[in-house]
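Please keep the sequence and the 3D view at hand while reading.

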Amino acid sequence: MDKEKKTFSETNFYPIFFMVVLTIIFIGLLSVIYHMNLERINSNQLSQYQSTITGLFSSYFDTDKSSSELYKEHFKEITTDTRTYYEVSKDGSLIGYCYVINGQGLWGSMKALIALTPDLHNIINLDVYQHLETPGLGGRIDEEWFKQQFNNKVIVVDGKPIKYVLIPEGSDNVKATEMMQVTGASRTSEGVRNMLYNETLSILKEMKGGTE
């Protein structure tokens, strides 16, 4: 007796075919939704980025204005062959620079914004805004205590950048040449330290070479 012929829905291939079609449909829907909102996503990312930049100079500006207004009034973006940075002015006078700097953490690359005084000798503020470090460990470089330790901290002495000595988190009487590291995240802390040293050295060379 001949075997009864199976319909396609009864074969072993049907579940695979069904999942493939369903996956394609969902991917298509997600792609459409993403592209429909792409302009809004880019706008929000730009707004957040400008807020981070202007926040580094918050002590200089009228806080009643939005970050977008402050950015348009006081920040001039400059792009060279090697980096992007910003000249920051108020009432026609230069008050500092803001540089995008790059480094390497434990799990991948990191990016930061560093605000420097006009002579490049002191850090006004620092914010590591992009990294892949472990939450609760290296990811604690996002915490305020870590960022605030760099406020008005000297970074260049006698024309050369300082390579900070790492000391325990919570230390008292931190010296100008020292930097508190995150407990349990020495590699991440070293990454931030090395990023500051290497990128400051690079910035100084560019400025002296007239490539800014």
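How many bridges join β1 to strand β2? In this predicted model, the two strands run antiparallel and are joined by five bridges, with β2 covering residues 84–90.

β1 and β2 belong to an open sheet of six strands, which follow the order β1-β2-β3-β4-β5-β6 with antiparallel pairing. Its edge strands are β1 (75–79) and β6 (153–154), each of which pairs on one side only. Further along the order, β4 and β5 pair in the antiparallel sense over six bridges, and within this pairing Leu113 stands opposite Asp127 in β5. β5 is also joined to β6, by two bridges and again in an antiparallel manner; there, Asn122 stands opposite Val154 of β6.

**Two residues with positive phi**

β4 and β5 form a hairpin with five residues between them, and the turn contains Leu120, which has a positive phi of about 65 degrees. This value occurs although Leu120 is not a glycine. The loop that holds Leu120 lies between β4 (109–116) and β5 (122–130). Is Leu120 buried or exposed? Its relative accessible area is 5%, so Leu120 is buried.

A positive phi is also found at Asp158, which is likewise a residue other than glycine and has a value near 55 degrees. Asp158 sits in the loop between β7 (156–157) and β8 (160–161), and because its relative accessibility is 74%, Asp158 counts as exposed.

**Salt bridges**

The structure holds seven salt bridges.

| Lys65 | Glu73 | 2.9 Å |

For the pair Lys65 and Glu73, both partners are partly exposed, Lys65 with a relative accessible area of 34% and Glu73 with one of 43%.

Arg140 counts as buried, at 16% relative accessibility, while Glu169 is partly exposed, with a relative accessible area of 27%.

Lys147 and Glu144 are both in helix α4, and because they are three residues apart, about one helical turn separates them. Lys147 counts as buried at 14% relative accessibility, whereas Glu144, at 46%, counts as partly exposed. Apart from the pairs in the table, Arg83, Glu199 and Glu206 are linked in a network of salt bridges.

**A nonpolar surface patch**

Which residues make the nonpolar surface patch of about 750 Å²? The patch is made by Tyr14, Phe17, Phe18, Met19, Val21, Ile25, Phe26 and Leu29. Phe26, one of these residues, has its place in helix α1, which spans residues 13–36. With a relative accessibility of 49%, Phe26 counts as partly exposed.

Note on methods: Residues numbered from 1 in each chain as written. Predicted model: local features only at pLDDT ≥ 70, side-chain atom pairs only at ≥ 80, totals over all residues. Heavy atoms only, no water. Patch = residues over 30% accessible without salt bridge, like charges linked within 9 Å, V, L, I, M, F, W, Y side chains within 5 Å. Areas by Shrake-Rupley, 256 points an atom, 1.4 Å probe, with all protein chains shown as cover. Salt bridge = Lys/Arg side-chain N within 4 Å of Asp/Glu carboxyl O. Helix = DSSP H or I, 4+ residues; strand = E, 2+ residues; numbered from the N terminus. Buried < 20%, exposed > 50% of the residue type's maximum accessible area, 1.4 Å probe, protein only. Pairing = 2+ DSSP bridges.
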